[in-house]
Amino acid sequence: MKHKLYLLAFILLLIFTVIGGYSVSSTNQSANNELNFSNDSSGFVVLTDIDPDVILEIRYYSTYNFVGDRIEGYEQPTALLTKDTAIALKGVSDDLAKKGYKLKIYDAYRPQKAVNHFERWANDTNDTRMKPYFYPEVDKSKLFEKGYIANHSGHSRGSTVDLTLFDMKTGKEVDMGGTFDYFGERSHPDYKNITEQQYKNRMILREAMTDHGFKPVEEEWWHFTLENETYPDTYFTFPVNENLVDRL
């Protein structure tokens, strides 16, 4: 009987040791995965100071976006980016100008406050004002599950931009076979149920961006991130306001 009690005690000790070790390991892993936030805007520039030829249509400063309101943190209709990203984008702009295009910017740096606004909106499933325009195929309650809304955005690191092409000859946006911020398969860059010319237009933008060090994503034809990000592990919190960054 005594031997059985010793054996039981040994087994319990082993179990507690394993569980305890797992808990410590999990705690350390959680600590290592904590996000870095910063309110320091010193590494950012106004995109139009670097490239005055870009066209700005900052959707989240307006009410024409999937929320239907101006988004918190957008104090001015301007585009801020890290200096490295702005310089790389200037290279894209110069190359495309030779082909008769300008870049039109929908969004650049996005403060964490704006991402929080998106999150609150997504949790309010009764607010579907903009559903017919931006997510007619998706139930709003599924936006987190499908990855359209997240708690954090690469835009907040300052090296991501949403953009399209503008045809200088026609004076119009290039037809990409889908609109900016449309939640659905039509927005995938390789979506095939569009015309040959629309697909070609997407590839013109994609190739110009990747030639200058930007990487695309599989879900959005307009979304690109500088591969060698200046701040790959930092999410910024300062608002979109030109007065907060150094002007050239």
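User: What should I keep in mind about the model before we start?

Analyst: It's predicted, so local features need pLDDT of at least 70 and side-chain atom pairs count only at pLDDT 80 or more, while totals for chains, interfaces and linings use all residues. Residues are numbered from 1 along each chain as its sequence is written, and side-chain values use heavy atoms, with hydrogens and water left out.

User: At what angle do helix 3 and helix 6 pack?

Analyst: Helices here are DSSP runs of H or I, at least four residues, and strands are E runs of at least two, numbered from the N terminus. Axes are lines fitted to C-alpha atoms over the stretch in contact, with angles from 0 to 180 degrees between N-to-C directions. Helix 3 (residues 83–97) and helix 6 (residues 196–211) pack at about 130°, axes 9 Å apart.

User: Which residues of the two helices make the contact?

Analyst: Contact means heavy atoms within 4.5 Å. L89, V92 and L96 of helix 3 meet I204, A208 and M209 of helix 6.

User: What about phi of D181?

Analyst: Most residues other than glycine have a negative phi. Phi of D181, though, is near 65°, a positive value. D181 sits in the loop between strand 7 (172–173) and helix 6.
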